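Me: I'm new to this structure, so could you take me slowly through just one part of it, the open sheet and what sits against it?

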Amino acid sequence: MSAAPREGRIARFDEPGKPFQIQTVPVPAPGPGEILIRVTRTNICGSDIHAWHGTFATRGLGGQLPTVLGHEMVGAVDELGSGVAADSNGKPLSVGSRVVFPYFFCCHTCRNCLAGRRNACANLKMAMLGRADDPPYFVGGYGDYFLLPAGAVVYAVPASVTDEIASGANCALSQVMYGLERVDQQLGEYVVVQGAGALGLYAIAVAKARGAAKVIAIDGIAERLELATAFGADEVIDITGATTAKERAKLVRGLTDGQGADVVVEVVGHPSAIDEGLVLLGQFGRYVEIGNINIGKTFAFDPSRFVFGNKTMVGVSLYDPAVLSRALDFLAEHQHKLPLERLGAACYPLDDINDAFTAAEGKRDVRASIVPAIP
Ligand SMILES: [Zn+2]
Ligand SMILES: [Zn+2]
């Protein structure tokens, strides 16, 4: 029952520093267990920009070039391979079902998977690492299709949650949800979020939903600070006003009854933020490190502060795939209280991906999205 040969576009990524090339390639028929997904929207995440620049080397993860970047995506089932009829919660899937899925694929049988640490799977595979010049071609989000491997975790998107809102679920939102779960953020705690880009805005909203007594956001871009408040931050600190780390630490002390933060989330992506963030923590504070993915960057560290403060630092890479299901629930529940649509406000057709990356890099957009169906 395989359809007549079809073609679709990918934005081929040859190497850092080179423009994306739009290329038309054959659309594969899904094999057993696979799902062919028609991509409806893929965001431009910070890690895509880092890969584009070469500061985050996909090759370091076993990736090959040319490839197709893009991983923060939503789509609709175009064709189900044999043996797949339901999502990972058992909800039926059929052609046209809107779905999200983690952009990394675990074996479910290795030591780490069996220990419930699927994000550390020893046989992890990922979008953006496969070759764009060999079948199945559609190995990343910046294309008309994506071929979901057999055994992948996949979730149907609730009808009430639009593509616009769902597109951030499988990376940014799940990432910060998992980060806050890893440090077991409790009701009534003080939370500081360093950086109010998309990850930071989600972190603010999730920390409030988990019952934070106060969420304090730190950023230097006026629009982001305004968004931070709209996403639930109780207080914002503008680094263009409080220009030194010392001033900001004093502000945080004042806003936390002199205690310091219970949890600090780092989503700035610069090592200097860590040194500052650790100072913001109070006794037994937990530091959630998400943003620094550029290998080789370091910072000076005074461990005595860490010891005397009984502090913990948790590195958080990827997330447990089941978090994505809860992320969809979170969106369905909170979508009318949060201006989520403002995260994906800038849409570009696939053919304009180079412009989209330039705009995203200039931080003109909080989150730019590629929408392949825009002509
Ligand atoms: Zn991402
Ligand atoms: Zn595994």
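Reply: Happy to. The open sheet has six strands in the order 12-11-10-13-14-15, with parallel pairing. Strands here are DSSP runs of E with at least two residues, helices are runs of H or I with at least four, and both are numbered from the N terminus; two strands pair if DSSP finds at least two bridges between them. Strand 12 (235-238) and strand 15 (312-315) stand at the edges with a single partner strand each, so one side of each has no neighbour in the sheet. From one strand to the next, the twist averages 15 degrees.

A word on the source: this is a predicted model, where local features need pLDDT of at least 70 and side-chain atom pairs count only at pLDDT 80 or more, while totals for chains, interfaces and linings use all residues. Residues are numbered from 1 along each chain as its sequence is written, chains are lettered from A and ligands numbered from 1 in the order in which they are written, and side-chain values use heavy atoms, leaving out hydrogens and water.

Now look at strand 10 (residues 190-194) and strand 13 (residues 261-266): they run parallel, and four bridges join them. One to spot is Val192, whose bridge partner in strand 13 is Val264.

Then there's helix 6 (residues 222-230), which lies across strand 11 (214-219) and strand 12, running at about 170 degrees to strand 12. Contact means heavy atoms within 4.5 Å, and angles run from 0 to 180 degrees between the N-to-C directions of axes, which are lines fitted to C-alpha atoms, for helices over the stretch in contact.
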